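Grab a pencil and work through these exercises one at a time. Try each task yourself before you read its solution.

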Amino acid sequence: MANKLISQMGLPNSIANVFAARNILTAKDALSLTEFELMELLDVGLAEVTTAITHISEIVCPPHQTALLLLEQGRKNEYLGGHLPTRLNGLDSALCGGIPFGVVTELVGPAGIGKTQFCLKLSLLASLPLSYGGLDGHVVYIDTESKFSSRRMIEIGVNSFPELFQIEGMAQKMAGRILVLQPASLTEFSESLEKIKAFLLQHHVKLLVIDSMAALVSGECGQGHYRQHPLGWHIAFIKSLAEFSRIPVVVTNQVRCHSGDESFQYSFQVQSISENQEYPTTFDSHLVAALGISWAHAVSIRLVLESRSGQRFIKLAKSSVSPPVAFPFTITTSGITLLDDYGVEMSGPEINTICGQGQSGVINFDNDT
Amino acid sequence: MEVRSLPISASQSAKLISAGYTSLSSLSSVLPSHLAQELGISENEAIGILKVASQRGGVEITNQTHPTIVNGAQTAWDMLHEEESCGHITTSCADLDDILGGGISCKEVTEIGGVPGIGKTQFGIQLAVNVQIPSKYGGLEGKAVYIDTEGSFMVERVSQIAEACVKDMQEYDSFLRKDLPADQVKLQPYDFLANIFYFRICSYTEQIAVINYLEKFISEHKDVKVVIVDSITFHFRQDFEDMALRTRLLGGMALKLMKLAKKFSLAVILLNQVTSKYSGGSFQLTLALGDSWSHACTNRIILYWNGNERYAYIDKSPSIRSASAPYAVTGRGIRNSASKCKRVKMM
C-alpha cells in the first residue's frame, strides 16, 4: 500500500495537483518528508499539509483486526491450526503443533549436525497426502550449498512411511512435488526469490526451505562487517513471503568461530563483569551463528542443533510460544528422531550457545532396527 | 514575533515580507482587501493569512496581561497532581513493578530493548493483556493497540497469557473476597483478545502512516490505554540508504507518539532491537537506531541475561533511579524470577 498513488486517494483536486506538480506521486514520497519540508516544497500552509497527510495516512494505514478475529481466522482457515507437524512429538507439543505458518523458522548448527536432514524430512512431510498428516502441497527448496539428495529423501520416506511408499509410483509423485532451485550467487538467489513469489500462490506451495542463507553471504562478502548489509532486503522480503502466502518458511544458518565473548555485554554490564572474574571470558571453540544479530531478530523461531560430548541436541532457542527446551536426537535412516520426548529446560546463556564437539558422521546407521 | 514563523506557505510569507509586513503587529490593523491588493493575492487568501496571524497574535497579548499564565503551560504543582492520578500498567513481575514505581507509567513513551529471544514480544503481549485488568483488581480497564512490524505476534500466546490472567483474578477473588461469592470474574480470555487492536505493518511508509492515523483511531476508541510498537526498528533497519532521512523520520515519529501519550494519557511501548557497536577497543551491545534516537524516549529499559537469569535494567528515566530486577518468562507470561517462585514445568 506504500506505493499507492496520491492522485487516486480522493484528495481535493487543488491539493492533489500541487502534489503531482512537485513529483510527489506515491504515499511513500509524501510520508518520507516531514510536514515542514512539505510546506516548503509544495508552497502551501501548515493546515493544508496536515489535512492532506492525515488523509493519506488514513488510506495507507492497513486495516486493524482484533486478536480474537485473528485467532478465529487461523482456526477456521488453516489446516492443523496453521502448523506443519515435524513428527517429533516433543518438539511439536512445544511449538503448539509444529512449524507455524506465516513466519520464518531458523535452523542453526555446526556442519554435519543434521540441518539438511531436518529440511529433507520437512519437505517430505509437507508433500505427503492429508491422510498421512502432510500438507498435500508442493515444496520449493532453495539449495545454495548443493546438498540436496533425492535419494536420501526417498530413503527417509521409505523408512518412515513404508506402507505409503510401497504404493506404485508414490515415491515419484512425492518427489515430483519438490522443486529444487540451486542458485549460484546472491544475485541469482535474489532473482529466484522474486520469481517464486508469484509461483508460491499459483502452485499450491506449502513449504519454502532455504538451505542455507549463510552460504551465499559468506561466499560473496568475506569481510565480517558487511555481512549484515547485503541481506537487508532479503530479510524483509522472506518475512513478507511467509506472511502473505501463509506457509512455513524454514531457513538454515551456518556457524562461525568467534573469539571471546565481549560482544554479548552492554556497556553498563562491563563493570560488574570485570569484577566478577568467575565468568569464563574466552572459549576455545566458541561458535556463533554466521548471520549477525539483525538476522537473529528477524526470525520468529530459532532451533539450535548442537552436539555435546557425542550426544546431539535440538534446542528451541527462540520461540514466543514455548520455554527454551532441549531434546536429544539422533539421525537414523528414517531421518531425524528424538530420543526423548520430554525436553530438558534450559536457562541463561546456555540457550544460545552452540556446541560442536564430539560428533561423528551425519547419519547414525547403528541404531536402526 | 515575526511573520516568518507563521504556519503559512513560503511564497505567502515572502510576499508579506517584501511588502514590508515583517512583524505580526504590523498585520494587526490591516483590512483583508487592502492586504490582498498590496500582495497581489486573492481576498480569500488574505483573510486566511490574517486569521492565522490573529490567532498567533492572541497568544502574545495574553502573555503581556497575565505574565505567569502562558497559553498551554501548567504549573509544576498541577503537574504533580496529574502525575499522581495517572495510572500504571503492571508488568506482572512484582520486582520489576517495584523498581518502575508501580509499572509502566501512562503518558510516557517507554522503550524496551534486548537481544533476540530475551522476551521483548512477551513483554508487549503481557502489557496488551494487563492493560485490560478491571479497575477493581487495580488495573486500567483499557484497550490495547498492537502495531506489529515483524510478524512475531502469536495469537496462541496471547490466549495463553489471557487465560493465566483470568486465573489470577479468580484466585484473587477466592483469597480476598470470600464475602462476595456472587461477584465472579466476568471477563473471559476471549474478551481480552477482542480488546487488542492489531495492525500488521509491512513497510516503513505504512509505519509512519499508522502512527499518523492513530490520533484519529484513538479519538474514536477512547478507552485505548496502551500503544505497543513491536518493533520500531525492523523496517528502518532494512534497506535504508539515507541515514539523515531515517533520523528525521524517526524523530518525527517519536514526537507524534509522545504527543499521543500526553493527549490521551496512554502508555506508549516501543520495542527495539540491539546492535553491536565498536567502542573503546571492543564490541559492545547497544540498542539499535543510533544515538539521536536514544534521546527520543522518556524511559528506556534494557533486557539482558545475567548468568542464568533474565534481568531488566532501567537505563534511562527522568524520575526513577537506575536499577535492575530479575524476571522470568513462564508459560503464564512474565512473572517474578524463578528463584523466588518455582514454576511448574510445562511438559
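Predicted model: local features only at pLDDT ≥ 70, side-chain atom pairs only at ≥ 80, totals over all residues.

**Exercise 1: a salt bridge across the sequence**

Which parts of chain A does the pair A:Asp136 and A:Arg177 tie together?

*Solution.* 
- Step 1: Check the contact. The two side chains, A:Asp136 and A:Arg177, meet in a salt bridge, at 2.9 Å from N to O.
- Step 2: A:Asp136 is in the loop between α7 (115-127) and β5 (138-143), and A:Arg177 is in the loop between α10 (170-176) and β6 (178-181), so the bridge ties together parts 41 residues apart in sequence.
- Step 3: Compare with the cut-offs. A:Asp136, at 27% relative accessibility, is partly exposed, while A:Arg177, at 14%, is buried.

**Exercise 2: another bridge, this time in chain B**

Which helices hold B:Glu215 and B:Lys263?

*Solution.* 
- Step 1: Start with the contact. B:Glu215 and B:Lys263 form a salt bridge whose closest N and O atoms are 2.7 Å apart.
- Step 2: Locate the partners. B:Glu215 belongs to helix α10 (residues 204-220) and B:Lys263 to helix α12 (residues 243-263), so to speak two distant parts of the chain, 48 residues apart.
- Step 3: Check the glutamate. B:Glu215 is partly exposed, with a relative accessible area of 26%.

**Exercise 3: the space inside**

How many cavities of 30 Å³ or more does the structure hold, and what lines the largest cavity?

*Solution.* 
- Step 1: Count them. There are 4 cavities of 30 Å³ or more.
- Step 2: Take the largest cavity, with about 380 Å³ of space. It is lined by 31 residues, and the closest to its centre are A:Ser319, A:Ser320, B:Gly117, B:Gly119 and B:Gln122.
- Step 3: Sort the lining of the largest cavity: 11 residues are nonpolar, 13 polar and 7 charged.
- Step 4: Name the elements. β12 (311-318) of chain A, plus α7 (120-130) and β12 (324-330) of chain B, each give at least two residues to this lining.

Definitions and conventions
Residues numbered from 1 in each chain as written. Chains lettered and ligands numbered in written order. Heavy atoms only, no water. 1 Å grid on protein atoms, 1.4 Å probe; cavity = no way out; pocket = protein on both sides within 12 Å on 5 of 7 lines; lining within 4 Å. Points joined across faces, edges and corners; volume = space filled by probe spheres on them. Helix = DSSP H or I, 4+ residues; strand = E, 2+ residues; numbered from the N terminus. Nonpolar A, V, L, I, M, F, W, Y, C, P; charged D, E, K, R; others polar. Salt bridge = Lys/Arg side-chain N within 4 Å of Asp/Glu carboxyl O. Buried < 20%, exposed > 50% of the residue type's maximum accessible area, 1.4 Å probe, protein only.
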